[in-house]
Amino acid sequence: MASSVPRIDISNLGLGTDLGSGGQGKVTAVNGLLINGQWPTALKTYSPDAVSALDAGVLETIVGFPRQLGQGDSSWLHDSTAWPSVIVEDSGLVCGFLMRTVPQAYYFDFQTQTRGARQQLADVAFLLNSDGYVSSSGLSVSDRDRLALLKGLAAALSRLHALDVVVGDLSPKNLLFSLAPEPGCFIIDCDAMRVRGETVLQQIQTPDWEVPSDEMTAT
């Protein structure tokens with residue numbers, strides 16, 4: 001299967017603005033390239049430590065995974081997650097992957113006290129604050145909205161489990177929400193998922209969101 005997985009050298013990408021960074025790498029916008037011919041593209045580049053530790057074969061499996069699914073499941077996966085779509089190499093060495101950028105519906109106008117409104121990823125961490133903070137940030141979220149978001153997230157996780165996919169780092173920073181036209185969720189950091197029992201890197205967990213110490217991660 002690996003031979004059919006799309007690849008591109010990082011030197012052939014027109015890189016744009018930095019979109020974020022974490023413990024395992026950074027995410028950068030890619031100019032002039034559409035995933036599946038329809039979605040703007042982002043590049044996740046692994047840190048040197050992550051490159052030395054990653055299992056490139058498993059990353060190939062994850063990139064090729066949607067092509068093994070039926071049309072309905074494949075479309076749902078691309079609509080609901082930032083799934084890795086193309087292997088990125090640096091002079092023949094796997095250094096990251098391409099994925100779709102987060103849809104605009106999963107941003108909101110965050111109201112700052114000094115700089116006015118600015119575009120902000122709508123991660124679930126915002127909804128864990130007090131109602132006063134949430135409303136002052138520019139969000140209007142009812143209890144009905146919260147229940148609908150939880151229901152949608154549960155349905156998404158259930159569908160992933162049915163595909164033998166388990167979210168590895170299930171933290172509020174990796175779960176995005178939208179309230180219009182109806183509540184919905186979008187999952188990022190998908191290379192941290194365990195797909196058919198395999199994982200690209202050693203599973204890490206967000207502090208205070210760990211599984212119990214005697215249980216296997218990403219199950």
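How exposed is D189? D189 is partly exposed, with a relative accessible area of 25%; here buried stands for under 20% relative accessible area, exposed for over 50%, and partly exposed for what falls in between, with a 1.4 Å probe and protein chains only. This is a predicted model, in which local features need pLDDT of at least 70 and side-chain atom pairs count only at pLDDT 80 or more, while totals for chains, interfaces and linings use all residues. Residues are numbered from 1 along each chain as its sequence is written, and side-chain values use heavy atoms, with hydrogens and water left out.

## Salt bridges

Let us stay with D189 for a moment. Its salt-bridge partner is K44, and the closest N and O atoms are 3.3 Å apart. A salt bridge is a side-chain nitrogen of Lys or Arg within 4 Å of a carboxyl oxygen of Asp or Glu. K44 lies in strand β4 and D189 in the loop between β11 and β12 (194-195), so the bridge ties together parts that are 145 residues apart in sequence. K44 counts as buried, at 8% relative accessibility. Helices (H or I, at least four residues) and strands (E, at least two) are DSSP runs, numbered from the N terminus.

The whole structure holds seven salt bridges. Three of them are set out here.

| Pair | Closest N and O atoms | Relative accessibility |
|---|---|---|
| E89 and R7 | 2.6 Å | E89 16%, R7 35% |
| K44 and D189 | 3.3 Å | K44 8%, D189 25% |
| R146 and D131 | 3.4 Å | R146 21%, D131 60% |

E89 counts as buried, while R7 is partly exposed. R146 and D131 form another bridge; R146 sits in helix α5 and D131 in helix α4 (residues 131-136), 15 residues apart. Here R146 is partly exposed and D131 counts as exposed. Through shared partners, salt bridges also join R7, E60 and E89 into one network.

## Cores and aromatic pairs

Now to the interior. A nonpolar core is a set of buried Ala, Val, Leu, Ile, Met, Phe, Trp, Tyr and Cys residues joined through side-chain atoms within 4.5 Å. The largest one has 40 residues, and those with the most contacts inside it are Y46, F65, W83, L160, V165, M193 and V200. Two or more residues come from each of β4 (39-46), α1 (48-53), α2 (56-64), α3 (71-80), β6 (93-100), α5 (143-162), β10 (175-178) and β11 (184-187). Another core, of ten residues, lies apart from it, with F110, A122, L139 and L149 among its members.

Beyond neighbours within four places in sequence, F65 is in contact (heavy atoms within 4.5 Å) with L77, W83, L163, V165, V195 and R196.

Which aromatic pairs turn up in the search? There are six in the whole structure. Rings of Phe, Tyr and Trp (its six-membered ring) pair if their centres lie within 6.5 Å; planes under 30 degrees apart count as stacked, over 60 as edge-to-face and the rest as tilted. F65 and W83 make a tilted pair, 5.8 Å centre to centre with 35 degrees between the planes. F65 is in the loop between α2 and α3 and W83 in the loop between α3 and β5, 18 residues apart. W83 is buried too, with a relative accessible area of 1%. Elsewhere, F108, F110 and F126 form one aromatic cluster.

## F177

F177 is found in strand β10 and is buried, with a relative accessible area of 3%.

## The largest pocket

The largest pocket has a volume of about 910 Å³. Its lining holds 36 residues, of which G20, S21, V27, N174 and I188 are the closest to its centre. β3 gives the most, with five residues. In that wording, a pocket is defined on a 1 Å grid over the protein atoms alone as an open set of points where a 1.4 Å probe fits, with protein on both sides within 12 Å along at least five of seven lines, and lining residues have an atom within 4 Å of a point. Grid points are joined across faces, edges and corners, and the volume is the space filled by probe spheres set on the points. At least two lining residues come from each of β2 (14-21), β3 (25-35), β4, β6 and β8 (116-121).
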